[in-house]
Structures are given as structure tokens and as C-alpha cells.
Amino acid sequence: MCDRARKTSDVDELLSPNSADVVPPGVPVAVPLTVEDEAPAAPGTSAANADAPAPQPSSPLRACRPDFRDGCYQITIRPTLGSFQSIVGTLRVDREAPAAGPDGVIISGDLYRQPPPVAQPVADAPGSSSLSGAVLDEDTAVIPGAPGESVAAAASRADGPLPFPRRRIPIFPRDQYRSYLKGTRLVVPSASVPGQPCQVTLDVDEFAYTQPSAGSFQGSFPDSPSRSLRCVLTQVPGAFPSPLFSGPRFEGRVLEGGIDRGSVTLTWVSSFLRRAVLEIDTLNGAVAPEPVPSPDGTGTEFFDTVYATARWQLTIDRAEGQTDLPVPSGVDPVACWSPADLHALMASVRKAGTNLDTEWRTHLVVVPATMGCSRGVMYDQIGAPREGSASFSDDGYPSNSSPNFGAAANQRQRNVPRAYLRSATHEVTHAFNQIHQETETAADNSIMTTTPSVADVLGGPTTGAPGVFPDQINLGFNTTVRNHLAHMPDPVVRPGGWPFGGWFPAGAPQASDRNLFYASELEFEVSAETDRAPLGAPVTVSWKLTNTSDADLLVPNDLRMEALYTTMSSLDESGEERPVRPFVITCEEAKLAPLEPGGTLEGSYRVFWSSDGFPLERPGRHTVTVTVAWSAGGLPVGVTGNCDIWVDRPTSDAENRDAALAMHPDVGKWVVLGGGAYHLKEAVSRLRTLDDGGTRSTNENEDAGGRSRVADTFSDLELMPDGRTV
């Protein structure tokens, strides 16, 4: 049984073009804090009572300024007696965050239960393309200096290339993740009492992580801190590779409520906050994105310089990147690619033996395609979430997508280098779990706004900085995305971590999340192709948006799940709500556009499986909620509706057998790819067994050896494989 949307709050009086509210992410994220310069404590004052007001020192103070510099620190905590397991991780100190202000800082960190299981080899020689995950200097071995900086200038910097390798940002196994740290207070003294050390005080809230259940990738964080800790730190000589050439190092104690919990060591390892690797593979006939001149004419911009603005060290893996890859058999490379064919290509050409527990690696494959397909896509899963994306060099900028494409109108991407690089970077950033700014904040001239919206922003003085597309494209992130990339918890952003959009609300919005339209403004209807289905059968859910007002309303022009404005969840009778996330992200044509009075938009999705599992995996009633969410003038708005689907218990041995065959992740991928994914051999085997189960049934109580309703559903949807060899 299906019903229309429930609309509960007004938006007609609330739209403000100057508001820029952000829907809070459903994970802990560090926020700016002010760096304090606390008066020194008198001799004999312990760290445990450091909160007490310090008496005025009787002797002259001596100047001190611990070198608690920006960048990434490796952190090691050795608990007091009672625990033999050290805790390791990274701590990010970020004074360059745009939101932090001139005197502020954002501090975040991630802790893991044990060190990496592999030894850290010495760095390769300068210029080496080795990406073994070794601890080595990012300046001498990977990039010669900061973006746009010459090798000579880099060598002249105090932190420039040295004859000894430095440490690199460490990478830890996903299943050893323990907790997220959110900095709440930082004290860096400028003076101390003679004879007393200069001590840095860092307060953090720790959020303990619950690892995902078997077969899932998304764990959970609590809504409030698990505990609050204080680190009291003293700078000591560095130790690697020698005190002279290493970065700052701090040692001290960890306190919880004044109780000593163990020792802590912080070792500065990089001026970057995070590091990752991008592999680019290019099909024969395609043209990959290339570096473009920077606006000031002093250098070039590319993937690595874009990510450097978020304090990421993104290394282009030129050793593994392939060019002139052969076209797969049976594929027309200059036509629109089927999701199954593109998924098969990505799975076959990515680096063999990729280990997401030892490196953060994502994969971009470039194919020709043709105008009107999509400028790019991202797959939520190859073998794990967010491993790969694709760009289409011969698609481009059709004038019907935006009237503001300017000189790029109807041009292929390969002929518009700056716009092409922006589009490809957009898809790669989806792979690091970032969403559209039309949904999270508002359309602007930044990477995570869709291409048509960027053109519209540049084309109009009321929606953003006036400019000309494509010359004035900003190859950078806005403050929100930049800080998410720098400070979201590791499992959320790293490839192989949480499924795409796992941090963003997918179910019915809470009162504080979205302002919902009245039915007299926008009517939203949700329905299913059937209100009753056997366990293990896909069910298509559809929705329709109608402008019931007497004026144009700005709404998303694409309501498909794949365009990312629409989210879905399924609530079963036990109260467990499971997100239904799109597997293929095809969003480059999506934007906000006027919907005339009486105008309608529609969308649908085949509900069966996503990276979060099977949403209809239990018999009984399931309430499927569909929400379309966007930002109107910076105000979070949307519509929502739901539909009930009853999942029948198996009524025969045949239904039991076929439900077990169908409910496998590879079969799930086959279904969400629309069939034809013959590289998923387990899916092909299971579906052929399903198809061979017997003749088509004529009633719901077929014999145990007969064909089940599950098999009939797959046949009716034309999801059965043909007889080709796999």
C-alpha cells in the first residue's frame, strides 16, 4: 500500500538568498578553535591540576615557543599497566583552514589498534615512482616542492629537500580502526617559568568506532564523545633519521579526568594532512585530462595541485597508469557505455593486487563515449566502496544543459581542457565520498558543484562571482568540502571505507534537517510496482514531483537516484532502517532549474541491493522512504514520501533455494548494473542455476522442484544471462 508524501513545514516564507546553512554530517567532524597562550603555572604545578588558575610567578619568565607546527603527526599512545596494546594513528593540525580564521586552528585525528603489519622501508631515490607505502619524504621522493614552486625554491626552504628521507603519512589497516579525535582546546605557551618545560596542552574528544558487521563496510560513531582526553606535551629532539633532519617531536602524558592513562608521542611527518594515490588508465582513442595553466600564469594546475588546496598529497601513479588500452570485445567505445561494460573495464585494468589497507588508492579510467552520455561517472563499488570513477573525453557541453557554457558550448571535453579537468576531478572527489554542493550548501564555482551549475553561477552576477565559462572555472574546493576532505574520519573518506554518501542523511529528514514543501506547493507521490513480492525479488519504486503552485519553483532537474538529489531508505518491522544507495553515480547533467506550474518530474529505482546490503532481506512489511533534497538560497529544503512493500516468506523449497541464490552481492551488482555484467562470474553462475530451476509456475504454491516466483521475477525483468561463455 502506498501513500502520498507527508509535508509538514513551510518554506515559502523562509527562502533567503544569503543563507548558507549546511546539513550537519552524521559523523563527528572537528571544528575551528582558538589557539591559546596560557600563563605558565608555578613550579610544582602538575599537569593534573593545570586547569587551576596559575599564580603569578616570582621570577622572570623565559620566552619559549614550542614548534607545534601545521601538518600531520604520527601519534602513539602507550597505555598504563593493564593494556599491552599500543594505539597508533595520525593527528592533523590545520591552521590554514579557511573557516579557522587568522588565529584559529582545526585539529582532528584517527586512532588504530595496532601498527601496520609491514615494515617501513627506506625511501627510494629522488624522482622514483615507487608507491610501496614506505615512510619517505614527500618533497624529495614524490614532488619537488609546493604547487607551482621550483625545485630550487623548494631546496632553499627550511623544510625543503634534504639528503635524508623524512617520514611519510602512515596508512593503517581498516579493520584496526579504533576512534576519531576532535580537537577542543590547544594551548601553545609563549613563555615559561625558568627551570620548567614549555608544555603544549591539547584537549580532544574521542569518538569510539564500532566496526561494520560481516559483509558491510559502514560502521558507526556515537552521537556524543566516548571520553575526553588531555595531552600534556613537551618538545624533545627528533629521532628519525637524525635529530638534525627530523621534524618536531613531542612526548608527554595522556590524562582523562586528571587520571594518567599513559604516555603519548607526536612525531611530525608531513606538511600535508592526508595522502592518496590516483591511477589514471586511458582507453585507445580517448584523451586523458592534462595540466592547465594557472590563472596567474605562474605554473600549471592538475589533480595534485587541486588536492593540495585541501592539504592532501595526491600522487599520480604514472608507473601503473596505462595508455592506449585495447577496446573490450563487443563494445563500441564512441557510443554511450553500458554500466556493465564500463564496470567490467574498470575491474580489469586497475592495478592488480591493490591493497586498500596499505594505501589510499582510487582509479580513474578514461574512455571516448559521445556527446549526451555523461561527462563522468563514479561506481560505489568495484570490490570495495569508492574505488573507481570514469571520464568521457568525447562527451562534453551540450548547449541544452546550460545557456552559459560560452565558448565550450557543444564542444567535446578533450577540446576544453580546464572544464575537462574540473569534471574529472569532480568524479575523483566523489570517490573520496564528497557530495554536490547544490545539496549540501549551495551552487558555487567549486569542484563539487555540478558542471552546468558552475556555468550558471559564472553566467549570472546574483548567484556567484561573475565570470566566463570555462576560463574562470575555479579548480579548487569550497570551505565545506575542503574541511570535509581534511578532517572527516578516515573510514568516511578513504577508498574501501564507507559506501558513498554514508555520512549524509538517506532516510526521512528530521525537523532540523530539511524544510519540507506543502502539498499545495510541490506534490510528491511515491509508489511501487507491486505491494507484495517474494523474498529475493527486485522491486521497482517510482516517484513523481508536481509543481502545484502558481509560480515557477527551483527544483532539481534530475530526480534519478544516480543524480544524487534523491535518497532512499527502507524501514522494516523490527525498526531497522537501511539506506538504499545508487551503485552508479551519473550526475554531471544534474542542476537546479525552474519547474513551471503544473510541470512534473519523475524517477524510479530498482530496489534490490546496494553497498549497504539488501534492503528487503527480511519477510514482512518494509516502508520505503524517498526524499528529494536540495539547497534553495542556502536553505536546506526538500520533499519526502513513502510506500509500503510486503515481502513474503518463502512458501516452498524452490522459493527458499532461489532466494538464497539471488541474495548474493555479485547478483546484487548484476541487478543494479542492469544485467549484462558477465565479468561477475558468480552472478552468472547463480542466475543460470536460478533459471534452470524448473518451468514457469502458474500459481503461488508451486511444487518444491518447480520454478519459483523469484526466478519468474528475474525473467520478467530480463535480468537472466544468455548462453555466452564467461
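## Helix H12 and its cover

Helix H10 (653-662), helix H11 (665-672) and helix H13 (709-716) are among the elements that cover the buried residues of helix H12; contact here means heavy atoms within 4.5 Å. Helices (H or I, at least four residues) and strands (E, at least two) are DSSP runs, numbered from the N terminus. This is a predicted model, in which local features need pLDDT of at least 70 and side-chain atom pairs count only at pLDDT 80 or more, while totals for chains, interfaces and linings use all residues. Residues are numbered from 1 along each chain as its sequence is written, and side-chain values use heavy atoms, with hydrogens and water left out.

Helix H12 spans residues 681-691, and its buried residues are Ala683, Val684, Arg686, Leu687 and Leu690. Buried means under 20% relative accessible area, exposed over 50%, and partly exposed in between (1.4 Å probe, protein chains only). An α-helix has 3.6 residues a turn, so residues three or four places apart point the same way.

## Disulfides

The structure holds two disulfides, each a pair of cysteine sulfur atoms within 2.5 Å. One joins Cys64 to Cys198, with an S to S distance of 1.9 Å. This pair links distant parts of the chain, 134 residues apart: Cys64 lies in the loop between strands E2 (62-63) and E3 (71-79), and Cys198 in the loop between strands E7 (191-192) and E8 (199-208). Cys64 is buried at 9% relative accessibility, and Cys198 is buried at 12%.

A disulfide also joins Cys336 to Cys373, at 2.0 Å from S to S. Cys336 is partly exposed, at 48% relative accessibility.
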